[in-house]
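Work through the exercises below with the sequence and the model open. Each task is followed by a solution in steps.

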Amino acid sequence: MAAHRKPPQRPLSGHTARTAATLALAGAATATGLDGTAHAEPQLTPAQVKARVDTLYREAEAATEKYNGAKESTDAARRRLSTLQDEAARRQEALNSARDALGSIAAAQYRDGGIDPAWQLALSSDPDRYLDGAALAERAGDRQAAAVTRVHRHLREIEQLRGAARIELKSLRSRQAELNRQRKTVTGKLDEARRLLAQLPPRQRTEVTGAGGTSPRASRSAADPRQPLERATPAPAPTGRAAAAVAYAYSKLGSPYVWGATGPNAFDCSGLAQAAYRAAGISLPRTTYAQVNAGRRVSRSELQPGDLVFFYSGISHVGIYVGDGQMIHAPNPSAPVRLAPIDQMPFAGATRVA
């Protein structure tokens with residue numbers, strides 16, 4: 001019985017091969033499109049962009065406060081390390097002086113030694129003078145013992161200082177790593193927000209970044225930053241220092257938001273609060289979660305001009321209350337320092353520091 005064999009296939013010509021490859025790629029692309037595994041990124045609506053950008057700004061601000069705290073602790077660790085190194089250098093100088101003194105004593109002993117004291121007394125032409133010299137040598141021996149003790153003490157102190165410096169250096173490096181992590185988090189979220197906003201036409205971008213119930217008095221005109229700033233007459237503050245802080249905040253309306261900045265020309269939210277009270281003679285901590293504990297807590301119904309008002313569950317935003325339900329705050333990179341109602345964000349608490 002004859003075997004059924006598949007007839008041999010002829011190789012495709014160049015043109016035929018190219019055509020087949022093109023059809024195969026087209027079919028694969030069609031199949032991929034049909035099964036949904038490849039598609040263009042969907043175009044977000046302005047409302048969706050706004051929601052996402054607002055979320056990114058809140059997350060960036062929370063990371064900014066962590067960055068501010070990490071920077072504060074990093075700077076403190078760097079100062080402590082510098083102090084330890086300076087003290088170690090001073091102790092090293094003292095050790096060198098003590099060693100020089102000990103060397104001088106040893107050299108003197110070497111020059112005067114070599115003969116047993118009993119023979120020196122027997123051979124001396126002036127025994128009384130020799131005995132006086134022996135008493136002096138004994139006192140010199142006491143000085144030598146004291147010099148040796150000083151050298152040992154300096155060595156112990158220097159080693160303790162160097163050990164403390166090694167610990168502080170390790171702590172500093174850990175804090176610097178945390179600082180870099182928070183910096184990357186902040187810049188990453190702000191870059192994503194800028195990318196989303198750049199997809200919108202200019203008019204829609206302005207609507208998105210200018211939304212949120214902000215008063216028209218809140219900042220200088222974006223078109224002309226030299227335009228005079230309109231503002232309501234500030235409500236009277238209960239104390240002179242609170243009044244000074246409020247006045248400072250009013251004077252900074254229109255200043256740009258820059259994360260990590262504490263003035264005098266740019267601010268983040270806690271940087272503005274810190275700078276305002278620094279101008280009033282009060283030193284505030286750097287971060288929102290430390291500032292909220294810097295004074296006496298007050299309820300929303302007790303608010304007075306100058307009180308610090310905090311927002312979100314993580315205490316990640318702060319403003320300076322100026323009365324009539326309004327605050328001055330540094331919102332985010334899309335808006336300068338401005339007046340805004342305190343009810344535009346979730347209220348988390350308030351603190352009176354003056």
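**Exercise 1. Is Arg-352 buried or exposed, and what does its side chain meet?**

Step 1. Arg-352 has a relative accessible area of 15% and is therefore buried; buried means under 20% relative accessible area, exposed over 50%, and partly exposed in between, with a 1.4 Å probe and protein chains only.

Step 2. Arg-352 belongs to strand β6, residues 347–352. Helices (H or I, at least four residues) and strands (E, at least two) are DSSP runs, numbered from the N terminus.

Step 3. The side chains of Arg-352 and Asp-307 make a polar contact of 2.9 Å. A polar contact is a pair of N or O atoms within 3.5 Å; within protein, one must be able to donate a hydrogen and the other to accept it, and residues adjacent in sequence count only if both atoms are side-chain atoms.

Step 4. Leaving out residues up to four places away in sequence, Arg-352 touches Gly-295, Arg-296, Val-298, Glu-302, Leu-303, Gln-304 and Asp-307. Contact means heavy atoms within 4.5 Å.

The model is predicted: local features need pLDDT of at least 70 and side-chain atom pairs count only at pLDDT 80 or more, while totals for chains, interfaces and linings use all residues. Residues are numbered from 1 along each chain as its sequence is written, and side-chain values use heavy atoms, with hydrogens and water left out.

**Exercise 2. Describe the surroundings of Asp-307, the partner in that polar contact.**

Step 1. Asp-307 is in the loop between β1 (296–298) and β2.

Step 2. With a relative accessible area of 2%, Asp-307 is buried.

Step 3. Beyond its neighbours within four places in sequence, Asp-307 has contacts that include Tyr-277, Gly-319, Ile-320, Tyr-321 and Thr-351. Val-298 and Glu-302 are also in contact with Asp-307, and both are touched by Arg-352 as well.

**Exercise 3. How many aromatic pairs are there, and how are the rings of Tyr-248 and Phe-267 arranged?**

Step 1. Rings of Phe, Tyr and Trp (its six-membered ring) pair if their centres lie within 6.5 Å; planes under 30 degrees apart count as stacked, over 60 as edge-to-face and the rest as tilted. By this rule there are three aromatic pairs.

Step 2. The ring centres of Tyr-248 and Phe-267 are 6.4 Å apart and the planes stand at 90 degrees, so this pair is edge-to-face.

Step 3. Tyr-248 is in helix α6 (residues 240–251) and Phe-267 in the loop between α6 and α7 (269–279); the two are 19 residues apart, and the pair links distant parts of the chain.

Step 4. Tyr-248 is buried at 17% relative accessibility, and Phe-267 is buried at 0%.

**Exercise 4. Why is α7 described as largely enclosed?**

Step 1. Nine of the 11 residues of α7 are buried, so the rest of the structure largely encloses this helix.

Step 2. Among the buried residues of α7 are Cys-269, Leu-272, Gln-274 and Tyr-277.

Step 3. Just after α7, Gly-281 has a positive phi of about 90 degrees.
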